[in-house]
Amino acid sequence: MIEVRGLSRWFGSTCAVRNLSLAVPAGSVLGFIGPNGAGKTTTMRILATLDEPDLGDALVDGFSVVDDADRVRSRIGYVPDAYGAYANVSCVEYLDFFARSYGLVGRPRMDAVNRVIEFTRMGHMLHKPMNGLSKGMKQRLCLGRALIHDPKVLILDEPAAGLDPRARIELKEMIGQLAAAGKSLLISSHILTELAEMCDRLAIIERGELLAEGPVEQILRGQAFAHQEPAEVSRVTLQVTLLGEAGPACEWLRSARQLEAGVIAEQILELMVADEPAEHAQLLRELVQAGFAVTRFTTKSRTLEEAFLKVTRGNVQ
Ligand SMILES: Nc1ncnc2c1ncn2[C@@H]1O[C@H](COP(=O)(O)OP(=O)(O)OP(=O)(O)O)[C@@H](O)[C@H]1O
Ligand SMILES: [Mg+2]
């Protein structure tokens, strides 16, 4: 539904996006992660037809953002990272204005406004002036506006920024419902753990370049990072909890098995091993046979923050 093909965009000597390719199928949610200045907003603005690429193209529902911008606009809803508020315009007037802008008239226009109000649960704020809205309310209104023409594709630039936990959960629910209705979503955020829950796949971008792209699980396991050494990628951390003190078991792992083990709490040790489940099972068997009382034995999956820090170089453009 979204297909980005070799997209590049320069601002003077700064390359904001470099030869970027991405795909988001129908009914799928792609999380777009990167540090400040990575090129997320630039990419999203090009998809929303607010900017043009210097090289490459992007297709929305098969239409080019360069050659068929009008058709793209009718198929895309865009929630920018910052949006203006108008004094003396109420929420319902704002939605009605955008419904008219998309050419909706009469009953279909009323239906579209009501559908959006119901979906975003903003019934309580309809007659509030736009400049009197809280951050969460504004964000809801902006999402509502982006949905007014029932687009197939949604581009959300940092929609979770500044929201309280409840509002984030509601946002997550809305994103799930939109994906279930067959829409394709591209969502950027710095709230990495939030993104993992909202998305099917993640794309990590830095300095305009795609560093990794794949299913959330794969990214968390560090398997989708193109430039990492294979040996580095295939190692995981095991966490072992013992009934008594972890010290003796840790010593045994180091001396008998030559493993990198360390005690992290009185009863808990961690060790680095190859990402091979059969070896983990063997290790557990040997620990028990050696007389250690193991109460928990788990693989510690890397958090998204860790994966992100590992793959990005922390360079802000
Ligand atoms: N209109 C512009 N003129 C000049 N440079 C720009 C313009 N828009 C973006 N840039 C530059 O392009 C690069 C990418 O910016 P972009 O806003 O796409 O990053 P981002 O990933 O959205 O960052 P953030 O997380 O801070 O929102 C930055 O170096 C930025 O300074
Ligand atoms: Mg941005």
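# Notebook: a predicted single-chain model

Entry 1. I began with Arg-121, which is partly exposed, having 13 other C-beta atoms within 10 Å. The model is a predicted one. I located Arg-121 in the loop between helix 4 (106–119) and helix 5 (135–147). I then read its phi, which is positive at about 50° although Arg-121 is not a glycine. Most residues other than glycine have a negative phi. I looked up Gln-258 as well, and found a positive phi of about 50° there too, again without the residue being a glycine. Gln-258 sits in the loop between helix 10 and strand 12. It counts as exposed, because 8 other C-beta atoms lie within 10 Å and the cut-off for exposed is 12 or fewer.

**Entry 2. Overall make-up.** I counted the secondary structure of the chain as 12 helices and 14 strands. Of the 317 residues in the chain, 34% are buried. I also looked up the sequence range of the contacts: among those between residues at least 6 apart in sequence, 65% join residues at least 24 apart.

Entry 3. I traced an open sheet of four strands in the order 12-13-11-14, with antiparallel pairing. Strand 12 (260–265) and strand 14 (294–300) are at the edges with a single partner strand each, so one side of each has no neighbour in the sheet. I noted an average twist of 25° from one strand to the next. Strand 12 pairs with strand 13 (residues 268–274) over five bridges in the antiparallel sense. Within that pair I found Ala-261 bridged to Leu-271 of strand 13.

I next looked up the helices on this sheet. Helix 10 (residues 247–257) lies across strand 11 (235–242), strand 12 and strand 13, and runs at about 170° to strand 12. Helix 11 (residues 277–289) also packs on the sheet, where it touches strand 11, strand 13 and strand 14, with a direction at about 160° to that of strand 14.

**Entry 4. Helix 11 in detail.** I checked the length of helix 11: at 1.5 Å a residue, its 13 residues should span 18 Å, and the end C-alpha atoms are 18 Å apart, which agrees. How many of the 13 residues of helix 11 are buried? The number is zero, so the helix lies largely in the open. After helix 11 comes Gly-291, with a positive phi near 100°.

**Entry 5. The sheet with strands 1, 2, 4 and 5.** I traced another open sheet of four strands, ordered 2-1-4-5 and paired antiparallel. Strand 2 and strand 5 (63–64) are its edge strands, each pairing on one side only. Strand 1 (residues 2–11) and strand 4 (residues 55–60) run antiparallel and are joined by five bridges. One bridge I looked up sets Glu-3 against Leu-59 in strand 4. Helix 1 packs on this sheet, touching strand 1, strand 2 and strand 4, and its direction makes about 120° with that of strand 1.

**Entry 6. Ligand 1.** I listed the shell around ligand 1, which has 12 residues, the closest being Phe-11, Ala-16, Asn-36, Thr-41 and Thr-42. Strand 2 (14–24) and helix 1 (40–47) are the elements that give two or more residues to that shell. Helix 1 gives the most, with three residues.

Entry 7. Are the faces of strand 6 (residues 76–79) covered or open? I found both covered: Ile-76 and Tyr-78 on one side, and Gly-77 and Val-79 on the other, are all buried. Strand 6 runs parallel to strand 7 (residues 153–157) and is joined to it by four bridges. Ile-76 stands opposite Val-153 of strand 7.

The largest nonpolar core has 64 residues, of which Leu-47, Ile-155, Leu-186 and Ile-187 touch the most other members. I followed Ile-187: beyond its neighbours within four places in sequence, its contacts are Val-29, Gly-31, Phe-32, Leu-156, Pro-159, Leu-195, Met-198 and Cys-199. A second, separate core has nine residues, among them Val-240, Ala-249, Cys-250 and Leu-253.

**Entry 8. Glu-93.** I placed Glu-93 in helix 3 (residues 91–101). It counts as partly exposed, with 16 C-beta neighbours inside 10 Å. Its C-alpha atom is 9.6 Å from that of Val-113, a residue 20 places away along the chain.

How values were computed. Residues are numbered from 1 along each chain as its sequence is written. Chains are lettered from A and ligands numbered from 1 in the order in which they are written. This is a predicted model: local features need pLDDT of at least 70, side-chain atom pairs count only at pLDDT 80 or more; totals for chains, interfaces and linings use all residues. Two strands pair if DSSP finds at least two bridges between them. Axes are lines fitted to C-alpha atoms, for helices over the stretch in contact, and angles run from 0 to 180 degrees between N-to-C directions. Two residues are in contact if their C-beta atoms, placed from the backbone, lie within 7 Å. The expected span of a helix is 1.5 Å times one less than its number of residues. A residue is buried if 20 or more other C-beta atoms lie within 10 Å of its own, exposed if 12 or fewer, and partly exposed in between; C-beta atoms are placed from the backbone. A nonpolar core is a set of buried Ala, Val, Leu, Ile, Met, Phe, Trp, Tyr and Cys residues joined through C-beta atoms within 7 Å. A residue is near a molecule or strand if its C-beta atom, placed from the backbone, lies within 6 Å of it.
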